[in-house]
Amino acid sequence: MKESTRLTTAGRHPERFAGVVNTPVFRASTILSGSLSEWEKKKKARANDEAGVSTYGRFGTPTTHALEEAMAEIEGGYRSLVFPSGLAAAATALTALLSAGDHVLLTDSAYSPTHTFLTRVLSRYGVEVTAYDPVMGGSIESLMRPNTRVVYVESPGSETFEIQDVPAISAVAHRHGAVVVMDNTWGTPLFFKPFEHGVDVSIQAATKYVVGHSDAMLGVVTCTREMWPRIKQTTYDLGQTAGPDDIYLALRGLRTLNVRLQQHWKSGLRVAQWLQTRPEVEAVLHPALPSHPGHALWKRDFKGACGLFAMVLKPVSAKALEGFVDSLSLFGLGVSWGGYESLIIPFTPSGKHLPARWPYAGQGVRLHIGLEDPEDLITDLEQAFTMLENIEAKADMQYA
Ligand SMILES: *Cc1c(COP(=O)(O)O)cnc(C)c1O
């Protein structure tokens with residue numbers, strides 16, 4: 001079955017719900033059993049790890065199980081679990097896999113709250129963290145210690161967009177008995193297949209493209225059969241669960257994920273190519289551009305590109321940057337991404353290995369290209385560049 005077809009069938013069982021196409025929103029805390037023997041049977045089924053069985057709302061309802069089933073199928077893992085946010089998914093997976101005295105290697109380009117969780121929370125429980133250069137590939141071997149349990153990858157990196165050699169990193173990690181955890185939010189369950197590249201545990205901030213409409217928070221962890229018992233147990237031990245209305249929105253979003261992403265990809269690349277021609281722009285960091293340092297790896301490992309990328313402006317005054325951003329009418333100023341609307345946010349990259357991988361002089365600006373017509377977005381950016389030029393010219397006159 002082709003991917004777009006699978007998206008329409010995954011996790012759907014209309015025969016269980018009076019023929020209703022979409023799994024309804026089941027709101028539940030208590031889930032009743034009709035008899036003591038049914039109660040015992042359900043408990044046994046749960047202990048035997050049967051999917052879709054629940055004895056209490058915290059372990060999910062049919063709404064939850066529909067999304068878990070669909071995500072595992074589409075991303076290509078053994079089983080999935082849902083979380084109230086992408087960060088909760090990452091934090092739980094890391095907690096499940098790390099113990100006191102363990103060491104974790106974290107890509108220097110990781111989503112910064114993930115970094116903070118390791119350094120501010122898990123460090124209190126005796127977990128050691130080392131940030132590594134995201135583009136070091138197989139030479140990560142030199143950083144492996146006997147107690148390295150997890151190698152955390154995120155490709156491309158949040159903000160800085162380095163593409164990692166995930167198969168090479170996974171091979172080294174496995175040779176040393178470590179597990180590979182990946183934040184696959186940019187790749188989405190469609191454009192990067194983590195389990196075909198050696199990843200053991202994949203994290204999706206479903207808040208982004210899976211929900212796709214900027215109206216719910218949700219996270220998903222998908223893992224291999226080997227990782228499942230530990231991930232599942234820790235998720236339940238921490239009381240992680242998610243609300244059925246948000247899960248319903250993710251299920252609804254999933255059905256159109258492919259068509260939306262094809263458009264985000266096409267429009268994003270169109271805007272990125274146009275930005276490359278602008279004299280105000282120092283660099284455009286989009287993995288699908290041949291000029292991107294990670295382009296060959298992207299081409300080898302990814303099936304597409306989402307609508308998120310960055311540009312670096314040539315050095316400008318704070319006032320000109322403000323004029324540029326504030327004059328845009330089709331780009332919202334805000335974090336998150338993956339919705340139908342375009343966004344812009346200036347950023348200052350950080351990280352231990354940053355000087356080596358950030359050779360640019362100017363301001364970083366992250367863009368999310370939504371489902372608007374790309375020509376309208378270009379017109380909007382064009383007038384914003386004119387605004388930027390005018391402010392800079394006026395400042396020059398004052399100093400002349
Ligand atoms: C947004 C994001 C997260 C966190 O997801 P939330 O649902 O906001 O908690 C994790 N990783 C990446 C790459 C993200 O962009």
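In what order do the seven strands of the open sheet run, and is the pairing parallel, antiparallel or mixed?

Modeller: Happy to, with the reminder that this is a predicted model. The seven strands follow the order β1-β7-β6-β5-β4-β2-β3, and their pairing is mixed. From one strand to the next, the twist averages 20 degrees.

For a look inside the sheet, take β4 (residues 148-154) and β5 (residues 179-183): they run parallel and are joined by five bridges. As background, strands of a sheet pair through backbone hydrogen bonds, in a parallel or an antiparallel sense. A helix also belongs to this picture: α3 (residues 62-75) lies across β1, β6 (201-205) and β7 (219-223), and its direction is at about 130 degrees to that of β1.

There is also an open sheet of five strands, ordered β8-β9-β12-β11-β10, again with mixed pairing. Its edges are β8 (281-285) and β10 (331-333); each has a single partner strand, so one side of each is left without a neighbour in the sheet. Ignoring direction, neighbouring strands here are turned by 30 degrees against each other on average. Strands β9 (residues 308-313) and β12 (residues 364-368) pair in the antiparallel sense over five bridges, and Ala310 stands opposite Arg366 in β12. Helix α10 (residues 257-276) packs on this sheet, where it touches β8, β9 and β12, and its direction makes about 10 degrees with that of β9.

Now to the ligand. There are 13 residues around it, and those that come nearest are Gly86, Leu87, Asp183, Thr207 and Lys208. By type, the shell divides into five nonpolar, five polar and three charged residues. An N or O atom in the side chain of Thr207 is 2.6 Å from an oxygen atom of the ligand. For Leu87, a backbone N or O atom lies 2.8 Å from a ligand oxygen. Trp337 brings in a polar side-chain atom, 3.2 Å from an oxygen atom of the ligand. As for cover, the ligand on its own has 370 Å² of accessible area, and the protein covers 90% of that.

Definitions and conventions
Residues numbered from 1 in each chain as written. Predicted model: local features only at pLDDT ≥ 70, side-chain atom pairs only at ≥ 80, totals over all residues. Heavy atoms only, no water. Near = heavy atom within 4 Å. Polar contact = N/O pair within 3.5 Å; in protein donor to acceptor, adjacent residues only side chain to side chain. Areas by Shrake-Rupley, 256 points an atom, 1.4 Å probe, with all protein chains shown as cover. Nonpolar A, V, L, I, M, F, W, Y, C, P; charged D, E, K, R; others polar. Pairing = 2+ DSSP bridges. Helix = DSSP H or I, 4+ residues; strand = E, 2+ residues; numbered from the N terminus. Axes fitted to C-alpha atoms, helices over the stretch in contact; angles between N-to-C directions. Contact = heavy atoms within 4.5 Å.
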